[in-house]
Amino acid sequence: MSDIKELISAINGNVAFIEGGECLEVQVPEKEWHSFAEHLKNDAQLSFDVLTAVVGMDWKDSLGVMYYLTSTKRGWDMLAVKVVCDDIKKPMIHTVSDLWKVALFQEREVYDFFGIIFINHPDMRRMFLRNDWVGYPLRKDYDASPEKNPVRLNDEIHEDDTVTYVEDENGKVNKVNKKVFEADDYVVNFGPVHPSTHGVMRFRTAVDGEVVKKVDVVSGYIHRGIEKLTEGLTYPQILHFTDRMDYMSAHQNRHCLCMCIEKALGLEVPRRAQVIRVMMDELMRISSHLLSFGCTAMDLGGTTAFFYGFREREQVLDIFEKTCGARMSMNYNVIGGVIADLHPDFVKDVKALIAIMPERLKEYHRLFSGNIIAKNRLVKVGMLPKEDAINYCITGPSGRGSNWSCDCRKVRPYSIYPELKFDEVLLDGCDSYARYMVRMLEIEQSCKILEQLVDNIPEGNIRALNVPKVIKLPAGHWYQQVEASRGTFGVYIESTGEKTPYRVHFQSPCFNLVGVMDLCCAGHMIADLVTIGAALDFVIPDIDR
Amino acid sequence: MEVNIKSMKHDDFKDNEYIDKLVEELNATGANVAVGNLNKLINWGISNSLWPLTFGTSCCAIEFMSLGAARYDMARFGFEVARNSPRQADYIMVQGTIVHRMAPVLRRLYDQLAEPKYVIACGGCAVSGGPFKNSYCVLPGVDKILPVDVYIPGCPPRPEAFFYGLMQLQRKIKVQKFFGGVNRKEKREEFFAEHPEERGQID
């Protein structure tokens, strides 16, 4: 770590190292942030090529952003960069969206929640809230009275208008009004209630004939303000939100939040609970990929395949129901372990599932994967080269379909994953078909993991005995990642030592996935927008939170 | 009087009082034999071919998909023709949280449904805002902007709960007055009083 410190000090003498964090942490003056970021990315020895998380912060006396960077070339070391705005009245930070494209959306989110303006960002609109929203909700002094923001039943106007803040040579920032689309663009509206957007996503699509020119993502139709809600609740009370964000990765997400809190508390989770958690994660992954298979097929008109996918999914849900008591929103992981012991049938049921899966997968491939229509619609559609996948931080099966080794279980292992034998599925098709195929192959790998564990569930406690009755995290901040069904899910917690968190940020993989819709769809037919979306497989409540 | 549907016995329903009350109201004014029988016939038709407008915003929508799949198979009751256009649907099934940005969209879709139309609020979020009730941008229940016929609690409701709710709607439809009752045309002036901005734009 010390050599990185030297390298970083060599770039910029004004960089201050913050001690006591879980990873290397630096603070950079706002004025020098952009040039510093350029070095971080382009310096051959540093090469921080992935921007994993952008966390807006309100420290009461100042506003700012925490950037979490990592490097694929140097063993996924994490670097946290803290940038504080100079003026709290008119907070501004230079954008890094020209370096890491993933920041295009991430910074808009920060603007939406904190009102921090990103200089030179090409499109400074709100991301999740209505464009006539008053105030910035995640600021600590936000006025939440319903009179300020009543339920408006009129449509949003001026949807085409956007703005960019350009800095000239003298360092003066000028506001420049822009339009999202050109004046003679023909814009087709997709959503927000469209059966093929897998939820309530809205795409405004400029088309030339039938060919897509540009996709403008309008998000926020299910933005529930979870991050703000967590600030008023205790740690055990915030756990259930993770089940309701990406409901197809409920176990993994909750696992992540619990791990983050356990890390802060220094809790040791019993071995039995660890094994149960990993098994539940993998079962969840299987059920998610089965749903994804069914929906991809249904979007192409293959309703039969949908029924087949759901048949096996029901079997997984039965396993969940017996142990957790619910088919969805399981609420199973708790701080220090899991809430209830396994059902006596658990081992038998999991074995039955593993036994039938290979045969069923063959059936799926016969039914859909080899189908000429499916191939025509998926192969060489929605190309996403590896460099773009890294730049847009597309993790999960979609990233691995672009041959990017980004599986958090392998590259930043957690829980008992280092002991397990499984392969990271990598395909180099870079197209929708590769993404679809990665999912199908990952089901096999998940079964392999379950096979190793199902006969080796150790006896012992299901929950750590030393979990305090009132959970108070020490002052500080933590960032934890897991591999959810759709990519790397991250949780950032900042605590001031109270019963409630000071700030919680959920870094969702789907938010990045939807960020490449414009890139993937441009040049394809408008009908391909549906299949590209299906193969990326985003879950909207995970995007909007 | 018992209101019977084919799928479930009258006594198996937990709350029969409100249906009894509806029947009482209906009987109080009386109905012409011809109109009454026509009503019965039409209601029998509607209640067995309820076409939902899917409006799934979150988790409940996935459970609704399970309903459509083979294990729960809602086609048994005539609910399976999920429509994506409000012009073709009988009722709107609100599954999931409704936030400020979505509220005008939901209201518009409801307005576009043809009469007679019904609303089912599925899941804690649609019923009352659920776990997100205190959020700055969540609607505390869809009944704030729409008249709701049936509430199905749960987070998300089990498929069996969905069926129970849908059958309640079937029973409610069985006792409606199709002629002169639910199938009302919105009065022109009443509409303009509610939406003054539309005056002059639609004629």
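A residue is called buried if 20 or more other C-beta atoms lie within 10 Å of its own, exposed if 12 or fewer do, and partly exposed in between, with the C-beta atoms placed from the backbone. With that in hand, consider A:Ser47, which is partly exposed because 14 other C-beta atoms are within 10 Å.

Good morning. Before I continue, two remarks on conventions. The model is a predicted one, in which local features need pLDDT of at least 70 and side-chain atom pairs count only at pLDDT 80 or more, while totals for chains, interfaces and linings use all residues. Residues are numbered from 1 along each chain as its sequence is written, and chains are lettered from A and ligands numbered from 1 in the order in which they are written.

I return to A:Ser47. This residue sits in the loop between α2 (33-42) and β3 (50-58) of chain A; helices here are DSSP runs of H or I with at least four residues, strands are runs of E with at least two, and both are numbered from the N terminus. A:Asp537 belongs to the loop between α17 and α18 (540-544) of chain A. Is A:Asp537 buried or exposed? It counts as buried, because it has 26 C-beta neighbours inside 10 Å.

Next, the strands of chain A. An open sheet is formed by 3 strands in the order β10-β11-β12, with antiparallel pairing; two strands pair if DSSP finds at least two bridges between them. β10 (186-190) and β12 (211-218) stand at the edges with a single partner strand each, so one side of each has no neighbour in the sheet. On average, neighbouring strands of this sheet are turned by 25 degrees against each other, direction ignored. Helix α17 (residues 526-536) of chain A packs on the sheet and touches β10, β11 and β12, its direction making about 145 degrees with that of β11(A). Here contact is defined by C-beta atoms, placed from the backbone, that lie within 7 Å. Between β10(A) and β11 (residues 202-208) of chain A there are 5 bridges in the antiparallel sense, and A:Val187 stands opposite A:Ala206 of β11(A).

A further pair of strands is β8 (residues 161-167) and β9 of chain A, which run antiparallel and are joined by 7 bridges. A:Tyr165 has A:Lys175 in β9(A) as its bridge partner. The hairpin has 5 residues between the strands, and A:Gly171 in it takes a positive phi near 85 degrees. Strand β9 (residues 173-179) is hardly covered: the count of buried residues among its 7 residues is 0.

I turn now to a helix pair. Two packed helices are described by the angle between their axes and the distance between the axes. Helices α9 (residues 346-369) and α14 (residues 432-454) of chain A have axes that come within 10 Å and cross at roughly 165 degrees; axes are lines fitted to C-alpha atoms, for helices over the stretch in contact, and angles run from 0 to 180 degrees between N-to-C directions. The two helices are therefore roughly antiparallel, the word for angles over 145 degrees. Their contact includes A:Val347 and A:Ile354 of α9(A), and A:Met440 and A:Leu450 of α14(A). By class, the contact residues are 11 nonpolar, 1 polar and 3 charged. In this scheme, Ala, Val, Leu, Ile, Met, Phe, Trp, Tyr, Cys and Pro are nonpolar, Asp, Glu, Lys and Arg are charged, and the others, Gly among them, are polar.

How do the two chains meet? 33 residues of chain A are in contact with 36 residues of chain B. On the side of chain A that touches chain B, α4 (226-230), α5 (235-245) and α8 (303-324) each supply at least two residues. The largest share, 4 residues, comes from α8(A). That side divides into 17 nonpolar, 7 polar and 9 charged residues.

Finally, chain B. B:Leu166 lies in helix α6 (residues 159-174) and counts as buried, because 24 C-beta neighbours are inside 10 Å. Leaving aside residues up to four places away in sequence, B:Leu166 touches B:Phe77 and B:Phe79. In the loop between β4 (150-152) and α6 of chain B is B:Pro156, and the peptide bond from B:Cys155 to B:Pro156 is cis, with omega near -15 degrees.

Terms used
Angles under 35 degrees count as roughly parallel, over 145 as roughly antiparallel, 65 to 115 as roughly perpendicular and the rest as oblique. Two residues are in contact if their C-beta atoms, placed from the backbone, lie within 7 Å.
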